Amino acid sequence: MGKTNLRVLGQTPLNAEPPCLVELTKHTITPLHLAYARNHSVIKDLASEFDSYTVKIDGEMEGMEDKVLNVKDMIASFPKKVVVAALICAGNRRAKMQEKTGKEVRGIKWSEGTIANARWGGVLLRDILISAGIPELEDAQKGYHVCFASNVAPCQDDTCYGGSIPLEEVMAEDGAAMLAYEMNDAPLTPDHGFPLRVVVPGYFGMRWVKWVDRITISRNESPNFYQQRDYKMLPECVSSPEKAIKENWWSRTPSMQRLNCNSVVAHIQCLTLACPDQKTLKVTGYAYSHCPISRVEISADGGETWHEVRITYQEGSWSWSLWEGELVVDIDVDALEWASHGQRNGRPKTKVTVISRAFDQSGGAQDTECRWNLRGVGFCGVGVGSVEV
């Protein structure tokens, strides 16, 4: 499916991510060939079914009307909305969690490239639901959920893929939850959900259901496996899948929804070559949250001192943030020479580690001591990068 530029972690279903963060973060808008692939089922090419593709809307809310929308009619009947939003896998940085904690996590060992910042075009879910009779008053929406489902292909752990978010989030006037049919100003490709996918800016990617064909308004969250038995940050005491089931932790733990505040160090470059005892480092990376990032800080002394960096890109309310900054670090040359047995004519090297942390406009901060959980989801420990000088 055109994913030759990605590092493949699973062939069937296809799961792959960009192998190089430097290349990924060169682009403000992620090009298609660098957009990660996350699937729980085979990828379906529905090009031949576009004209007949429909989405069923139903539910248990009084006054609403069950509807079946043809995708072509929907595109023609509702105004188009375009929004830039970062699509992020809940398992992003899972390998880092395992590396930092020394404890095995269950799931694909994603590095830090399961993020794609894209321009999405589609129809606001709010507009569609209002046309189906959903009230615009917030009080009437409380306690309801919007359940999304794709019955296109059977999944690894359920007969179909599904998930849900609170109705009031979908109906928010300043929100942008949509049924998208475009990505980066072009029709969706099959691996990104053609002809129609859910886009929920500010939410983790597992709620962005691909190939969506049913939307249900319910008093309960989606009963689907991927809402009820996956994508939850189980407490540290839950050390095995058997314990999670036996002690009923899946139902006791809330489903992950909104993005947490996070940052990643993508690249460190040493700018100073001549001066032996002082080096200037250029550090770049990305950050994200469920709302705009307000600042990012970096440290080369383990967090004793922090230095604010420049945010070089941020677009709208839900894009990722790209950042860069410079640090001057002092190198103990005498200690290096001692470690090299006094060989002053040699070129002793040392490793400098830089960490990052982010803050968002809602007052949220990166949980730099993010703890281990069985599924390795939502990891937001400090961003970490190293360079030899």
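How many bridges join E13 to strand E14 (residues 278-288)? Eight bridges do, and the two strands run antiparallel. The views below start with the whole chain and then come back to this pair.

**View 1. The whole predicted model at a glance.** This is a predicted model, in which local features need pLDDT of at least 70, side-chain atom pairs count only at pLDDT 80 or more, and totals for chains, interfaces and linings use all residues. Residues are numbered from 1 along each chain as its sequence is written, and side-chain values use heavy atoms, with hydrogens and water left out. Along the principal axes, the C-alpha atoms fill a box of roughly 80 × 50 × 40 Å. The radius of gyration of 23 Å agrees with a compact globule, because 389 residues would give a value near 21 Å (taken over C-alpha atoms; the rule is 2.2 Å times the number of residues to the power 0.38).

**View 2. An open sheet of four strands.** The order is E13-E14-E18-E17, with antiparallel pairing; two strands pair if DSSP finds at least two bridges between them. At the edges are strand E13 (262-270) and strand E17 (310-313), each pairing on one side only. Neighbouring strands of this sheet are turned by 30° against each other on average, direction ignored (axes are lines fitted to C-alpha atoms, and angles run from 0 to 180 degrees between N-to-C directions).

**View 3. A hairpin formed by E1 and E2.** Strand E1 (residues 7-10) and strand E2 (residues 15-17) pair in the antiparallel sense over three bridges. Four residues lie between them in the hairpin. Val8 stands opposite Ala16 in E2.

View 4. Strand E3 (residues 54-59) runs antiparallel to strand E4 (residues 67-70), joined by four bridges, and Val55 has Leu69 as its bridge partner in E4. Four bridges also join E3 to strand E12 (residues 214-218), but this pair runs parallel. There, Asp58 has Thr216 as its bridge partner.

View 5. The structure holds one cavity of 30 Å³ or more. On a 1 Å grid over the protein atoms alone, a cavity is a set of points where a 1.4 Å probe fits but cannot get out, and lining residues have an atom within 4 Å of a point. The largest cavity holds about 340 Å³ of space, the volume being that filled by probe spheres set on the points. Of its 23 lining residues, the closest to the centre are Arg38, Arg197, Gly205, Trp208 and Lys210.

**View 6. The second largest pocket.** A pocket is an open set with protein on both sides within 12 Å along at least five of seven lines. This one holds about 340 Å³ of space. Its lining has 21 residues, with Arg106, Asp157, Phe225, Asp230 and Arg375 nearest its centre. Helix H7 (225-228) and helix H8 (241-246) each supply at least two residues of the lining.
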